[in-house]
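Please examine the model displayed below.

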Amino acid sequence: MNQQEIQNLRQDYTAATLSENDTKGDPINQFEQWFNEALAAKLHEPNAMTLATATTNGKPSARIVLLKGFNQHGFIFYTNYLSRKGKEITKNPQGAITFFWGELERQVRIEGTIEKLSKEDSERYFHSRPKGSQIGAVVSPQSQEIEGRAELEKKWGELEAEYEGKEVPKPSFWGGYILNPQLVEFWQGRSSRLHDRILYKKVDKKSWKKVRLAP
């Protein structure tokens, strides 16, 4: 595909509309509605989200992670605390999340502060995972350079044998985070690129202001 063909890639969005009156007063409740509609549409991994973090001098990085829960306090995910994102969160606990549900022509953008979940919450989730995933979390020095895949598979096999019939202890370097939202934007694709964008801005601990943004 050449540059001209890439430039000509276009899709007109006509599936739905979004107005101030259509949306709920609280963005978490609105997210719950849209997330349930994504589940009902049987989208592939509707909980996949882009998580963006940054260094203290503003150098960004982004990757796809999986949403593992949400509530009035925020959006939950789990990872290795010593990974690149973990190290960036430690030094600069600001982050952004983006969901894109292309089949529904929808996007949700969330910005806020990130903090660790309690050890108890992380333990509970860790032991709910398949045992192979638990072992994988233990053996992988996430984001660090390694000699090759064989090294990981060897360690994984050794731990599989070691913990046969036993519980795998959660490593201290692995656990959960919650992103506490300050801004939440709901984007609905519309024809001629005149998309609907409804933004919620946190006013205080319990209140949100809802505004419309130009596409």
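Accessible areas come from the Shrake-Rupley method with a 1.4 Å probe, and for residues only the protein chains shown count as cover. The model is a predicted one, in which local features need pLDDT of at least 70 and side-chain atom pairs count only at pLDDT 80 or more, whereas totals for chains, interfaces and linings use all residues. Residues are numbered from 1 along each chain as its sequence is written, and side-chain values use heavy atoms, with hydrogens and water left out.

Met1 belongs to the segment before helix 1 (3–7); helices (H or I, at least four residues) and strands (E, at least two) are DSSP runs numbered from the N terminus. With a relative accessible area of 71%, Met1 is exposed, where exposed means over 50%, buried under 20% and partly exposed in between (1.4 Å probe, protein chains only).

The protein chain as a whole has 6 helices and 9 strands, and its C-alpha trace spans about 60 × 50 × 40 Å along the principal axes. Its accessible surface comes to about 12,700 Å², of which 49% belongs to carbon and sulfur atoms. Of its 215 residues, 37% count as buried. Contact means heavy atoms within 4.5 Å; among contacts between residues at least 6 apart in sequence, 64% join residues at least 24 apart.

In soluble globular proteins, nonpolar side chains tend to be buried together. A nonpolar core is a set of buried Ala, Val, Leu, Ile, Met, Phe, Trp, Tyr and Cys residues joined through side-chain atoms within 4.5 Å. The largest such core has 28 residues, of which Phe31, Phe99, Trp101 and Val108 touch the most other members. Helix 2 (27–40) and several strands, including strand 1 (48–54), strand 5 (94–101) and strand 7 (174–188), each supply at least two residues of this core. Helix 2 gives the most, with 5 residues. Beyond its neighbours within four places in sequence, Phe99 is in contact with residues including Phe31, Met49, Leu67, Val108 and Ile110. A second, separate core of 13 residues includes Leu117, Phe126, Ile135 and Leu159.

Leu199, in strand 8 (residues 196–202), is buried, with a relative accessible area of 11%. Leaving aside neighbours within four places in sequence, its contacts include Leu183, Val184, Lys209 and Val211. Leu199 and Lys209 are 10 residues apart in sequence and 8.1 Å apart in space, C-alpha to C-alpha.

Finally, the backbone: most residues other than glycine have a negative phi. Glu45, in the loop between helix 2 and strand 1, has a positive phi of about 45° and is partly exposed, at 41% relative accessibility. Glu105, in the loop between strand 5 and strand 6, has a positive phi near 55°, and this residue is buried, with a relative accessible area of 8%.
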